[in-house]
Amino acid sequence: MEGMDLVRWIPTVGGLAAILYVTVQHLRGGCDAARGKGQVNQTVQKDTEKVVHSFDIEDLGDKQAFCRCWKSSKFPYCDGSHNKHNKETGDNVGPLCLAKKSDS
């Protein structure tokens, strides 16, 4: 190979190197999710390692709606914030609804 032959290979080798780099970064988790942009929870108890809420089923009343979009100002209870979230993102998330069985 002569000098001009090598020069013609530079764009191809550079492109392949860029593709390889992006692929490795993605597989290693070096993309948005690793930098926090993929986080669902943006505001609730960020000072704790894991957000966990426990309830006694007897204390819930006849029915209760729990937030699953992480946007509720009353978290863990649903305040309807998922409606705005769904419109902005095209998502379809809704609350987890629990109700006691009727005795009838």
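The count comes to one cavity of 30 Å³ or more. A cavity here is a set of points on a 1 Å grid over the protein atoms alone, where a 1.4 Å probe fits but cannot get out. Points are joined across faces, edges and corners, and the volume is the space filled by probe spheres set on them. The largest cavity holds about 30 Å³. Its lining, meaning residues with an atom within 4 Å of a point, includes Cys67, Cys69, Cys78, Asp79 and His82. By class, the lining residues divide into four nonpolar, four polar and two charged. Ala, Val, Leu, Ile, Met, Phe, Trp, Tyr, Cys and Pro count as nonpolar, Asp, Glu, Lys and Arg as charged, and the others, Gly among them, as polar.

A word on the source. This is a predicted model, where local features need pLDDT of at least 70 and side-chain atom pairs count only at pLDDT 80 or more, while totals for chains, interfaces and linings use all residues. Residues are numbered from 1 along each chain as its sequence is written, and side-chain values use heavy atoms, with hydrogens and water left out.

Now the fold. The chain has two helices and two strands, in the order α-β-α-β along the sequence. These are DSSP runs numbered from the N terminus: H or I of at least four residues for helices, E of at least two for strands. Of the 104 residues, 15% are buried, which is to say under 20% relative accessible area with a 1.4 Å probe, protein chains only; exposed is over 50%, and partly exposed lies in between.

Cys69 is buried, at 5% relative accessible area. Cys78 is in no disulfide either, and its nearest cysteine sulfur, again that of Cys67, is 6.0 Å away.

Last, the backbone. The Phe75 to Pro76 peptide bond is cis, with omega near 15 degrees. Pro76 sits in the loop between strand 1 (63-66) and helix 2 (81-89). Trp70 is found in the loop between strand 1 and helix 2. Although not a glycine, Trp70 has a positive phi of about 70 degrees, and at 23% relative accessibility it is partly exposed. Gln45, in the loop between helix 1 (3-28) and strand 1, has a positive phi of about 45 degrees.

Terms used:
On a 1 Å grid over the protein atoms alone, a cavity is a set of points where a 1.4 Å probe fits but cannot get out, and a pocket is an open set with protein on both sides within 12 Å along at least five of seven lines; lining residues have an atom within 4 Å of a point. A disulfide is a pair of cysteine sulfur atoms within 2.5 Å.
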